[in-house]
Protein chains: 2
Amino acid sequence: MNESPPPTRNKLTREDCARRDRADPLAGFRARFHLPDGVVYLDGNSLGALPRVAAERLRAVVEQEWGRDLIKSWNIHSWIDLPKRAGEKIARLVGAAPGQVLVADSTSVNLFKLLAAALRLRPDRTVIVSERDNFPTDLYVAQGLIDLLGSRHTLRLIDRPEDALDAIDDDVAVVSLTHVNYRTGRVFAMKDVTAAAHAKGALMLWDLCHSAGALPVALDACDVDLAVGCGYKYLNGGPGAPAFLYIAQRLQETIRPPLAGWMGHAAPFAFDVDYRPAPGVARNLVGTPAILSLAALDAGLDVLLDADMAEVREKSLALGDLFLDLVAQECGDYAFRVVSAPRALRGSQVALGHEHGYAIMQALIERGVIGDFRMPDILRFGLTPLYVRYADIWDAVATLREVMASGAWDQPKYHKRAAVT
Amino acid sequence: MNESPPPTRNKLTREDCARRDRADPLAGFRARFHLPDGVVYLDGNSLGALPRVAAERLRAVVEQEWGRDLIKSWNIHSWIDLPKRAGEKIARLVGAAPGQVLVADSTSVNLFKLLAAALRLRPDRTVIVSERDNFPTDLYVAQGLIDLLGSRHTLRLIDRPEDALDAIDDDVAVVSLTHVNYRTGRVFAMKDVTAAAHAKGALMLWDLCHSAGALPVALDACDVDLAVGCGYKYLNGGPGAPAFLYIAQRLQETIRPPLAGWMGHAAPFAFDVDYRPAPGVARNLVGTPAILSLAALDAGLDVLLDADMAEVREKSLALGDLFLDLVAQECGDYAFRVVSAPRALRGSQVALGHEHGYAIMQALIERGVIGDFRMPDILRFGLTPLYVRYADIWDAVATLREVMASGAWDQPKYHKRAAVT
């Protein structure tokens, strides 16, 4: 008769992690990315890794399409449809039926478009609700828009996620929140907050920068009005990849684009003198799309679409659990605070607070464990299940312990701030 | 004693053209571009050809920077400075001292930024002057901005370039014109129109889409206030390359960016709650720049910077003269109108009108002579002296004659409109 293991919890070992990698149904995806040797990359929430297919596609776009077929490529390689084509791929990742998502411009520019559109759809209301700890560009764009429109509107900032519902009243035109907080990884209850906004007659705009491709999102099912998101984080679109925007079908024909450009015209190549918006979401295109960046994003999306998003979410949570368990086991002496949200509200990252967070992160990076630092004292570790292994988490925490135990983090070079942190 | 040739004008031959190519001081540049065999490319005013160095640079950016160095590239490969670095290269091509040009977003988005800024700098004025035959997006953006601001402003369109000065009165906030007309190639007198705008207290905004890299531009010397331009035409930056904007030094600190994004913040990585504009022109950045597209543009600019812009202009005019002379000589029977401006006002293109212009252009393209068509009946041929040869012009006109003489243009397939014309 077999003996069961004792019910007490054993110390985790690297072999435990390697065993989980061997059983991982997503393990095969890692080979589809180009990853440098000797690096544990936990910053895919800031810049996703390079999908091999993106490098190949970009080479073809440059050499065969731009180089050989030149201007004809707009038609023969359908460059003109790329914003919509890539948008439809993203739609599948964020729970949107076809015809509602476009790839265009940057997240900031798309926020401007949608906030401006929202204010015009609620002309008698004067308040934009957001969160003080929202990603700053979301706040800046709102501030800039309010200033442009003559300061008739105000930006009402909540201090805690729990305050969202109370902040929504009959003066609110639009509630603009980021689904997953960029520092803490905390997830808002999309459906509940959206319903609360609607109950007061406000529109709901979600920023999906830290959720698209990271966890299941159900825009249509949550009855969301507007959304934006980033192409270069969990979507692996490359540095500064174009962003996306979502506009619920029911609102599309009511949108008067504040950025009225020829690519959003009903007939761009008629060269009419007067602007006439294209039908549907396409009117929210503005200038000529950045095809090289867009093609890289479009190609990489196929990798993500081959994965089961429920499996991605499950592994992401498991990686996060492992990380936090190992920090407790291996680094209990070093005064790290867990900043991450509780498991049920945790996005695809973990965050630790430490007063020397900046220097510690620089020491980690020099040792090949790449996370990032966010003000004021947060070490942020992104978890991207398609290319991060359980054993990588072990190695990351082992390196963290070594950096702390040796005092190696406290060297002057690690305290010097870089331009981009 | 040698006999002089008779003073009557001889018919031009292909050998005359080839001789001019052998004497061309810019001839060596062609090898720095990737150009397909058997093609005469006269559409560099729509999409510039691929500089070989751009393909190399992009490969390095993808494989070594994104793929290997990942997020660290923002610092170690100075991605963060790329909008400014590429901007300074363009500054040298448009007669701007350092610190006034940035690469960012699309031309349309940059137009919005600068028109909005201009209206705020002239709050008591209500008119934007432009030209009915301006490139449509310039008009659409102005219409969209006026609509967003509550229709207090009006767009005053002149019907003929000659009317520009008369249209500027004390109600005008900003005069927004394209330096070189996209259809006719006609060049505005930048210095005179700018002075006329200033005389009435208005600001002057020039769109340089068809001038930057095509002919000498002297923004500072002409006392221009604001300018925008395109990266993918004569600057050879690749399809949908990011655009640029210029703000005269004297105005920069007065600009309140309507698109207030984190990349234009004084300290983007402080993650402050409140927007504070960066000093100088940098505040006009918005979101994360599209590094892949930007790197291709940046690399290709070096080719143009190696050329003498006076030589480029001289050859451009010579190519245009040759084209028009050959059309007169070879195609006099086929009812082409010269739509191009007179030589002294001609940009870097020639334009012919013909009632069957669309079909004729499709027949030319199928035969490897690539120009484009613009409504209502214009065949447009871009002249890019770094990679177009005099013999190419011969071959283009010879093909045009063949298409007309054979009646080959009048096949149904050439009348079918493509998505992008």
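How many bridges pair β11(A) with strand β12 of chain A, and in which sense do the two strands pair? β11(A) and β12(A), residues 349–353, pair over 2 bridges in the antiparallel sense. The model described here is predicted.

## The sheet in chain A

The pair β11(A) and β12(A) belongs to an open sheet of 4 strands, which run in the order β11-β12-β15-β14 with antiparallel pairing. At the edges of this sheet lie β11 (337–338) and β14 of chain A, and each of them pairs on one side only. In β12(A), A:Gly353 is the bridge partner of A:Arg337.

A helix also packs on this sheet: α11 of chain A, residues 309–330. Helix α11(A) touches β11, β12 and β15 (378–382) of chain A, and its direction makes about 25° with that of β12(A).

## The sheet in chain B

Chain B has an open sheet of 4 strands in the order β11-β12-β15-β14, with antiparallel pairing. Its edge strands are β11 (337–338) and β14 (372–374) of chain B, each pairing on one side only. Between β11(B) and strand β12 of chain B, residues 349–353, there are 2 bridges, and the sense is antiparallel. B:Val338 has B:Leu352 in β12(B) as its bridge partner. Helix α11 of chain B, residues 309–330, packs on the sheet and touches β11, β12 and β15 (378–382) of chain B. The direction of α11(B) makes about 25° with that of β12(B).

## Two helix pairs in chain A

Two packed helices are described by the angle between their axes and the distance between the axes. For α2(A) and α10(A), the angle is about 145° and the axes are 8 Å apart. The crossing of α2(A) past α10(A) is right-handed. On the α2(A) side, the residues that meet α10(A) include A:Val53, A:Ala54 and A:Leu58. On the α10(A) side, the residues that meet α2(A) include A:Ile291, A:Leu292 and A:Gly300. The residues of this contact between α2(A) and α10(A) divide into 11 nonpolar, 1 polar and 2 charged.

The second pair is α12 (residues 357–366) and α13 (residues 390–405) of chain A, whose axes come within 10 Å and cross at roughly 120°. That angle makes α12(A) oblique to α13(A). Here too α12(A) passes α13(A) in a right-handed crossing. A:Ile360, A:Ala363 and A:Leu364 in α12(A) meet A:Thr399, A:Leu400 and A:Val403 in α13(A). The contact of α12(A) with α13(A) has 5 nonpolar residues, 1 polar and no charged.

## How the two chains are related

Two copies of a chain are related by a rotation about an axis and a shift along it. In this model, a rotation of 180° with 0.0 Å of shift along its axis superposes chain A on chain B, with an RMSD of 0.0 Å. The two copies are therefore related as by a two-fold rotation axis. Of the residues of chain A, A:Ser293 comes closest to the rotation axis, with its C-alpha at 2.8 Å.

## Where the chains meet

In the contact between the chains, 78 residues of chain A touch 78 residues of chain B. The elements of chain A that give two or more residues to this side include α2 (52–69), α5 (107–121), α10 (291–305) and β14 (372–374). The largest share, 9 residues, comes from α6(A). By type, the residues of chain A on this side divide into 48 nonpolar, 19 polar and 11 charged.

Why can the copies be said to meet through the same surface? They do so because 100% of the interface residues of chain A are also interface residues in chain B.

Definitions and conventions. Residues numbered from 1 in each chain as written. Chains lettered and ligands numbered in written order. Predicted model: local features only at pLDDT ≥ 70, side-chain atom pairs only at ≥ 80, totals over all residues. Pairing = 2+ DSSP bridges. Contact = placed C-beta atoms within 7 Å. Axes fitted to C-alpha atoms, helices over the stretch in contact; angles between N-to-C directions. Nonpolar A, V, L, I, M, F, W, Y, C, P; charged D, E, K, R; others polar. Parallel < 35°, antiparallel > 145°, perpendicular 65-115°, else oblique. Left-handed = near helix turned anticlockwise from the far one by under 90°. Least-squares fit on C-alpha atoms with pLDDT ≥ 70 in both.
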